[in-house]
Amino acid sequence: QVGIPDAERRVTEYPFQLSGGMKQRVMIAMALAGGPKLLIADEPTTALDVTIQAQVLQLLRDTQAASGMSLLLITHDLGVVAENAHRVGVMYAGQIVEQASRAQLFARPLHPYTQKLFAALPDTARSDQPLAAIPGSVPPPGSITQGCRFAPRCDKAWPLCVEQTPEWTEVGDGQGVRCHLYEGLGTREQGLENRSESKQEQHQDFTNPLPLAPSPSLLAVKDLQVYFPIRKGILQRVAGQVKAVDGVSLEIPQGRTLALVGESGCGKTTLGKALLQLIPPTAGSVQFGGRELTGLNARALRAQRGTMQMVFQDPYASLNPKMRVAEILEEGMIALSIESDSAARQSRIDTLLDQVGLARSIKWRYPHEFSGGQRQRIAIARALAVSPQLLICDEPTSALDVSVQAQILNLLKSLQQELNLSYLFITHNLAVVEYLAHEVCVMYLGRIVERGTAEEVLRAPKHPYTQSLLSAVPRIDGKGRERIRY
């Protein structure tokens with residue numbers, strides 16, 4: 001029911017033998033096995049690609065229809081909310097700040113925080129300007145004892161918001177909000193008058209400064225193959241091969257972004273690791289700046305390490321918890337002999353933290369002291385520490401909520417403009433692809449089945465697999481609100 005193939009064989013396997021998406025489906029099957037009256041689904045589709053996400057959500061809807069089960073769906077994906085929820089509660093810093101029917105919320109969000117969440121959604125129409133990321137971060141529990149908890153980050157706040165805690169206000173038809181703008185204590189005009197006094201977002205032009213003429217390829221991949229042997233029996237004889245990457249060819253020009261999309265298990269991450277030579281390719285060619293990388297000895301390959309770096313998916317697992325930020329950022333510089341002495345490296349660390357929007361004072365803190373978005377910024381700074389020309393970003397925003405995702409996407413765009421970086425952006429989030437990518441490659445079972453500009457692939461897909469991927473994407477459609485189209 002939850003879409004695990006070859007179920008009779010899989011049921012005898014252990015969790016470590018399953019992919020992340022399969023583990024999530026097993027958890028859902030466990031929850032449904034007892035026939036619950038209420039199912040609390042906490043981010044049930046975060047780790048899943050769009051097609052498996054669609055299957056899981058359809059399963060939950062079908063189960064609900066058949067059994068009358070109630071569902072509390074906890075998620076940061078507004079597309080999932082739009083297609084599955086009857087009513088929506090928006091939570092911030094431990095409080096429900098707005099509650100409404102799905103139609104009401106998507107047609108007319110009232111609370112400034114809800115409005116900011118919608119403004120942070122990526123799409124093509126805003127690809128030449130920064131997303132409306134919310135400055136700052138969610139306050140720690142108990143740190144705000146009076147006033148509105150969102151006031152320090154709100155561009156509509158005025159003194160009353162800091163002095164007095166807003167009460168819950170019913171605005172009609174079952175819609176309620178916790179905000180002084182809708183109480184008798186103040187008016188919307190009073191709040192808007194003070195917007196000029198509040199901290200304004202810095203607006204940056206993300207219009208691509210590159211000429212329209214094609215530029216030479218920084219990375220050129222031709223007929224790349226990565227095969228893994230299947231071993232059986234006591235003697236571990238080779239009984240076959242898994243063709244994880246099967247004849248992939250692609251090119252990435254300097255200063256451009258190529259998005260690689262596809263379902264979990266199609267070979268995207270394996271391809272990224274093979275480009276970095278972290279996994280030796282079985283066959284094919286990988287050229288970087290005109291130099292062949294496949295077959296290089298360890299010393300020659302080490303000299304190339306600084307030119308290509310990777311940003312991993314999980315900002316919690318990819319940083320060493322026993323190392324402080326300065327040590328994390330300095331590690332690569334020491335390994336590749338970048339900068340002559342410790343003082344020079346510390347100066348470069350300060351510059352890196354400035355580039356990714358973090359205070360220099362945080363470099364003596366440990367990873368557990370940061371939010372997910374801050375950790376991902378540290379991971380990006382670590383990749384930039386050795387002055388790469390190409391970043392391979394493996395699902396760098398999948399674990400982040402929509403407002404933090406907007407911060408990271410803004411950061412990646414500004415760094416590309418400032419440093420002329422190239423990106424291979426591996427993702428299953430097609431809204432992010434629409435906002436960030438210049439070109440798109442669609443991968444299925446180890447092969448590229450469609451490629452083209454982001455506009456061509458997302459607006460007029462030709463391959464049936466691409467069409468099925470796009471049809472599985474949850475869409476936001478509300479009265480008076482632009483629809484995200486794919």
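Colleague: Which residues lie nearest the centre of the second largest cavity?

Modeller: Please note that this is a predicted model. Nearest the centre of the second largest cavity lie Pro-112, Cys-148, Cys-154, Cys-161 and Cys-179, out of 13 lining residues.

Colleague: What is its volume, and how does the lining of the second largest cavity divide by class?

Modeller: The volume of the second largest cavity is about 80 Å³. Its lining comprises 10 nonpolar, 2 polar and 1 charged residues.

Colleague: How many cavities of 30 Å³ or more does the structure hold?

Modeller: There are 6 cavities of 30 Å³ or more. The largest cavity contains about 530 Å³ of space. Its lining has 35 residues, and those closest to the centre are Gln-53, Asp-77, Gln-405, Asn-429 and Ala-431.

Colleague: Which helices each supply at least two residues of that lining?

Modeller: For the largest cavity, they are helix H3 (50-67), helix H4 (78-84), helix H14 (402-419) and helix H15 (430-436).

Colleague: And the classes, for the largest cavity?

Modeller: The lining of the largest cavity counts 17 nonpolar residues, 12 polar ones and 6 charged ones.

Colleague: Turning to the surface, which residues form the nonpolar patch?

Modeller: The patch is formed by Leu-38, Ile-40, Leu-72 and Ile-74, which together have about 360 Å² of accessible area.

Note on methods: Residues are numbered from 1 along each chain as its sequence is written. This is a predicted model: local features need pLDDT of at least 70, side-chain atom pairs count only at pLDDT 80 or more; totals for chains, interfaces and linings use all residues. Side-chain values use heavy atoms; hydrogens and water are left out. Patches are made of residues with over 30% relative accessible area and no salt bridge: like charges are joined within 9 Å, nonpolar side chains (Val, Leu, Ile, Met, Phe, Trp, Tyr) within 5 Å. Accessible areas come from the Shrake-Rupley method with a 1.4 Å probe; for residues, only the protein chains shown count as cover. A salt bridge is a side-chain nitrogen of Lys or Arg within 4 Å of a carboxyl oxygen of Asp or Glu. On a 1 Å grid over the protein atoms alone, a cavity is a set of points where a 1.4 Å probe fits but cannot get out, and a pocket is an open set with protein on both sides within 12 Å along at least five of seven lines; lining residues have an atom within 4 Å of a point. Grid points are joined across faces, edges and corners, and a volume is the space filled by probe spheres set on the points. Helices (H or I, at least four residues) and strands (E, at least two) are DSSP runs, numbered from the N terminus. Ala, Val, Leu, Ile, Met, Phe, Trp, Tyr, Cys and Pro count as nonpolar, Asp, Glu, Lys and Arg as charged, and the others, Gly among them, as polar.
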